[in-house]
Amino acid sequence: MIRKPGPWPSLALLSAAVFVSVTTELVPTGLLLSMSRDLAVSESQLGLLVTGYALMVALFAAPLGTLTARMPRKRLLVVALAAYTASNAVMTVAANYPVAFTARLLGGVTHGLFWAVVGGYAARLVSPDRIGRAVTLVSAGGSMAVLIGVPAGTSLGTATGWRAAFALLTGVAVVLTLLVWWLLPEVPGSTATVRTPMREVLRVPNFPPIVVMTAVVMLGTYMMITYTAPLLHRAGISEDGIAPVLLANGLAGTLMLPVAGWIADRHLRTGIVAASGLLLGGLVLMWLNGAAAWTAITAVIVLGFGMGLLPIFMQAATLRVAPDHTEQASGINASAYNVGVAAGALTGAFALDAWGLGAIPPLAALLVATGMALYLSGTARAGARVQPERM
């Protein structure tokens, strides 16, 4: 295992890769209205582009994490970024919904491979006491994707057509693939002679509550995130006004980054509960008065604060409780995260068709509250074996 005391430029490049990854995953949420018109499908059908993408991650992240655990990390990252390039290029020229859906499935498999690799890569570049800060820096790419990538893609897509957003992502992915190939250090895979089965990794103390909470909380959160644009439109915000609200959401998450690493390294369990509480608060606001523009905007911003913290904390918790199985544990948690994304987008589509937009916030709030409760009860039972703040 390679350890380096302060490889911050390499971590920054990994953060840029996360930026491309998260922007690729989420940019359809900001372009949902225009994409559904152009591809001649309903908003709920268009939301399935998010579902299909996330489903591929859910299915493949954990198996790919296990199958590739002993392979060199840099090579896998280059393959993943090249595949992002291909997926976005196909989206750029997609003439109809089936082609676009196929491109998103390719992107989802790519995402599964990427997230099975990136967490363990970052963990191998730093000493154990710096994992929280390393994860924060790498995860900053996700926050910047929400802050800059998705709003920029939404603005560009609104002004010149949604294909232009995917064309830009294709170009960025090409450049980043080359930079990773040239600049990142070589990091070997696992040196274990025997591959640990996933069922054994899932028995690591305190890991199951993390996986369950990730899936259930993200299910509720992505019910809301996938349909943010229609919910804001319902509140009287114009299609052109959606991008600035998404920008505020991303800025809120970015403002959390300076404290996220410090909290992750010192008060992780408390931070997980607090970040989940922010998500729950935003959903409750949207539930109670989401038809009012300022309440809807405030709710989206509060969600940004929570999403700026929780994914970082869950990744740090994963690496901390399973330090000997970083690739497999990261892959499992990525699968759980995207089970939530896929199920959230799909459940949101059903709720939208069956009961209308107003049903989404209360259902999402109930799911986030359930995920919090499951985490607290699960870690309380395991608390005698592992110190709570290490969970």
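1. Basis. The model is predicted, so local features need pLDDT of at least 70 and side-chain atom pairs count only at pLDDT 80 or more, while totals for chains, interfaces and linings use all residues. Residues are numbered from 1 along each chain as its sequence is written, and side-chain values use heavy atoms, with hydrogens and water left out.

2. T24. This residue lies in helix α1, residues 8-30 (helices are DSSP runs of H or I, at least four residues, numbered from the N terminus). T24 counts as buried because its relative accessibility is 0% (buried means under 20% relative accessible area, with a 1.4 Å probe and protein chains only). A polar atom of the T24 side chain is 2.8 Å from the backbone oxygen of V20. Apart from neighbours within four places in sequence, T24 is in contact with Y53, Y84, N88, R104 and L169 (contact means heavy atoms within 4.5 Å).

3. Helix α5. The 29 residues of α5 should span 42 Å at 1.5 Å a residue, and the end C-alpha atoms are 41 Å apart, which agrees (the expected span is 1.5 Å times one less than the number of residues). Of these 29 residues, 22 are buried, so α5 is largely enclosed by the rest of the structure. N96 caps the N-terminal end of α5, with a side-chain oxygen 3.0 Å from the backbone nitrogen of V99.

4. Largest cavity. The structure holds 4 cavities of 30 Å³ or more (a cavity is a set of points on a 1 Å grid over the protein atoms alone where a 1.4 Å probe fits but cannot get out; lining residues have an atom within 4 Å of a point). Helix α14 gives the most, with 9 residues. By class the lining has 18 nonpolar, 16 polar and 1 charged residues (Ala, Val, Leu, Ile, Met, Phe, Trp, Tyr, Cys and Pro count as nonpolar, Asp, Glu, Lys and Arg as charged, the others, Gly among them, as polar).

5. Second largest cavity. Two or more lining residues come from each of α5, α6 and α14, and α5 gives the most, with 4. The lining divides into 6 nonpolar, 3 polar and no charged residues.

Technical notes:
Buried < 20%, exposed > 50% of the residue type's maximum accessible area, 1.4 Å probe, protein only. Polar contact = N/O pair within 3.5 Å; in protein donor to acceptor, adjacent residues only side chain to side chain. 1 Å grid on protein atoms, 1.4 Å probe; cavity = no way out; pocket = protein on both sides within 12 Å on 5 of 7 lines; lining within 4 Å. Points joined across faces, edges and corners; volume = space filled by probe spheres on them.
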